[in-house]
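Hi,

Here is the structure I promised to pass on. Have a look at it first, and then read my notes below.

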Amino acid sequence: MKIIGPDYLVFGVEDLDGSKTYLEDFGLTPVQLDATGWLYEALDGTGVIIRHRDDPKLPAPLPTSNMLRQQIYGVVDAETLDAIEAELGRDRRVTRLADGGLECQDDLGFSLRFQVTIRRPLSMPAEKINAPGAPAQRAPNELGVSDDMAALPRTLSHHVLFSPDNDKAIGFYRDRLGFIITDELTGAGPFLRPAANDDHHTLFFIRTPAYMQGLEHLAFHMGGPTELMVAGDRFVRKGYQSFWGPGRHKFGSNWFWYFNSPLGVHFEYDADMDKHDDSWVARAAPNGPEASQMFLLQWREKWAPGGGPEDAGGA
């Protein structure tokens, strides 16, 4: 199955105005879809769709309080939609939409939609570094950071689901849709990438009780670790609460910084994720702090040396 990854995640929110402000402050661009719906998009067009929780245009809510209503996956072409319809139509209702997309539920009851991807191709430089022993990536007098540098989400990277039954999840996404397990945190769940995406993962499952089922977080790729740190610092200074990070994960190697949100889930800036092909052999490690991150930092106010308590202690 030539599935690329999530194009949009759809939410039914309680605080519509607060959610709008949050998403725009996070760095996403608002696009009004209709009288009651808004898309907040990254630079490539992927992103988040929000409506009020009582909007009749939304799919039915999960049996929990989670605000996620639907995951919309982008695929390479119409032939992939036909293949998904033929495969999933064997044992569930699959609705063909007027625009050619498909709607159904997975084996855990999550609402899914598949469509030919809306992703716009990006042509942007990645973060450049200079290191001894390697050719300089930045030209003389080309600065690596500045107060006014751009630091905007480039694409919807991945999302993480609380799952009451990981065996069902694996049976559906791996065995029916062709997702590939790249690594696993035993006691939590697997990282998966779809066949048409070489990112370490676009999906991760965390085993939880049924009353917690839903979305835990979603992440957006940035142009590099510096962009991530700049975006996160700006976000904190706007008054938003850091949940976890900044730091760097072990599985996937991606930098991360998570924030609380009025959408009831965490939003993550991420950067520099590993790429894999079909020769990769999946690893496994017990879930816990050592497996979860290589290192973890903590944001603090800026300071300058010059006599403060940080300078005590001598050389």
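To start you off: is Arg-92 buried or exposed? Arg-92 is buried, with a relative accessible area of 17% (buried means under 20% relative accessible area, exposed over 50% and partly exposed in between, with a 1.4 Å probe and protein chains only).

Before the rest, a word on what you are looking at. This is a predicted model, so local features need pLDDT of at least 70 and side-chain atom pairs count only at pLDDT 80 or more, while totals for chains, interfaces and linings use all residues. Residues are numbered from 1 along each chain as its sequence is written, and side-chain values use heavy atoms, with hydrogens and water left out.

Salt bridges

Back to Arg-92: its side chain meets that of Asp-91 in a salt bridge, 3.1 Å from N to O (the term stands for a side-chain nitrogen of Lys or Arg within 4 Å of a carboxyl oxygen of Asp or Glu). Asp-91 is partly exposed, at 47% relative accessibility. Both residues belong to a network of salt bridges that also takes in Glu-87, Arg-90, Asp-107 and Arg-176.

The whole structure has 24 salt bridges. In one of them, Glu-85 and Arg-96 come together at 2.6 Å, N to O. Glu-85 is in helix H2 (residues 78–88) and Arg-96 in strand S6 (residues 95–96), so this pair ties together parts eleven residues apart in sequence. (Helices, H or I with at least four residues, and strands, E with at least two, are DSSP runs numbered from the N terminus.) Glu-85 is partly exposed at 27%, and Arg-96 is partly exposed too, at 34%.

Asp-183 and Arg-283 form another, with their closest N and O atoms 2.7 Å apart. Here strand S10 (residues 180–186) holds Asp-183 and strand S17 (residues 283–286) holds Arg-283, so the parts tied together are 100 residues apart in sequence. Asp-183 is buried at 0% relative accessibility, whereas Arg-283 is partly exposed at 33%.

The core

The largest nonpolar core has 59 residues, and Phe-11, Ile-50, Phe-114, Tyr-173, Leu-218 and Phe-267 have the most contacts inside it. (Such a core is a set of buried Ala, Val, Leu, Ile, Met, Phe, Trp, Tyr and Cys residues joined through side-chain atoms within 4.5 Å.) Helix H4 (residues 225–237) gives the most to this core, with five residues. A second, separate core has eight residues, among them Leu-185, Phe-191, Phe-251 and Ala-285.

Aromatic rings

There are 24 aromatic pairs in the whole structure (rings of Phe, Tyr and Trp, taking its six-membered ring, pair if their centres lie within 6.5 Å; planes under 30 degrees apart count as stacked, over 60 as edge-to-face and the rest as tilted). Phe-26 and Tyr-269 are stacked, because their ring centres are 4.1 Å apart and their planes are at 0°.

Finally, ring pairs join Tyr-22, Phe-26, Phe-220, Phe-235, Tyr-240, Trp-257, Phe-259, Phe-267 and Tyr-269 into a cluster.

Cheers
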